[in-house]
Amino acid sequence: MKKGSLCLLWLCLLALCGGCAQRDDPIQDRSAENRLVIGCEIYQPYTYLDQDGSYAGVDVELAREACRRLGYTPEFVQIEWDKKNDLLAAGQVDCLWSGFVMTGRETEYEWAGPYLTTRHVVAVQADEAVESLSDLEGRTVAVQATSVAEHALLQQWPGLPRARAVYSFATIDEAYACLRRGYADAVAGHEDTLRTLVDAVPGEYRLLDEALCQAEVGVAFARGCDRTLVEELSRTLAEMEQDGTIRSVLDQYGMRGVQTVGEKE
C-alpha cells in the first residue's frame with residue numbers, strides 16, 4: 001500500500017510539472033522573442049492590406065520604425081475591433097495601434113503618445129442638401145461603433161447638431177455601405193479615412209469643410225501593465241516627431257487631415 005501511494009504521488013507530480021511546461025503564456029513567450037503583437041483593423045490609410053496582402057499604412061510604417069529603434073519585431077494581427085478590449089486583456093495582442101483615438105479614453109488604457117492630432121469630419125452624397133454641420137439636424141448619421149465620432153454625436157458635444165439617429169457599425173466599411181445604400185444621410189469619421197471613400201468614386205461623395213471635432217491618436221496598452229515599454233515607445237515616437245520621420249510618413253500617404261503633436265503646438 002505504501003509503495004503504491006508513493007507511485008501515485010510520483011505520477012501526480014509528473015503530471016503537474018508537465019502542465020506547467022505547457023502553460024500558455026503568450027506575453028512571456030513574445031517578450032523573450034522581442035515580438036510586439038499589434039492589434040489593428042482595416043482602416044485606411046492607417047492600417048490595411050496592400051495588393052500583395054502585406055500590411056501597409058501610416059501606422060504600419062510608424063510601428064515598424066519605432067520597433068526597429070527599440071529592438072522589437074512588430075507582428076500585425078487583424079482583429080475584430082469591437083472585441084479589442086477582451087483581446088488586449090487576455091494578452092492575445094500587446095497593444096492597439098490603428099488610428100486609435102486617445103481623446104475621451106485617457107483613463108481606459110496605458111497610452112504611448114499622443115503622436116498625431118486628427119480631424120474628424122462628415123461625408124455626404126454629392127447631391128445631398130447638406131453644406132454644414134448644422135444641416136445634419138434631424139438627419140441620420142452612420143459611424144463606426146466606439147469611435148470618437150459616435151461619442152461626439154451621441155453626447156452632443158458643444159456646437160454639434162442633434163441627429164435624428166446615429167447608426168453604429170462594427171467597421172467603417174459597413175458605415176460606408178449604409179451611406180451608399182441611402183439608409184443614412186451622412187457618415188462621420190477620420191478625415192483621411194473618409195477621403196478614401198470620396199476619392200474612390202469621384203463626383204459621388206464630398207466632405208463637409210467644417211470639422212466635427214479634433215482628437216489625439218496614440219498606442220493603447222492594457223490598463224495596469226508594466227509601463228516600461230509604454231514609456232520607451234512614447235519617447236521613441238517623440239524622437240520620430242522631432243527628427244521628421246512622422247511628417248515624412250504622413251506626406252508619403254498624402255495625409256491632409258492630420259498634424260503631428262509638434263505641429264499642433
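Reader: Which elements do the buried residues of α6 pack against?
Author: They pack against β6 (110–125), β7 (140–144), β8 (165–169), β9 (186–190), α7 (191–200) and β10 (205–207). Helices (H or I, at least four residues) and strands (E, at least two) are DSSP runs, numbered from the N terminus. This is a predicted model, in which local features need pLDDT of at least 70 and side-chain atom pairs count only at pLDDT 80 or more, while totals for chains, interfaces and linings use all residues. Residues are numbered from 1 along each chain as its sequence is written, and side-chain values use heavy atoms, leaving out hydrogens and water.

Reader: Which residues of α6 are buried?
Author: In helix α6 (residues 172–180), they are Ile172, Ala175, Tyr176, Ala177, Cys178 and Leu179. Buried means under 20% relative accessible area, exposed over 50%, and partly exposed in between (1.4 Å probe, protein chains only).

Reader: And what follows α6?
Author: Gly182 follows α6, and its phi is positive, near 80 degrees.

Reader: New topic: how many disulfides are there?
Author: A search of the whole structure finds 0 disulfides, a disulfide being a pair of cysteine sulfur atoms within 2.5 Å. For Cys95, the nearest cysteine sulfur is that of Cys67, 7.5 Å away.

Key
Contact means heavy atoms within 4.5 Å.
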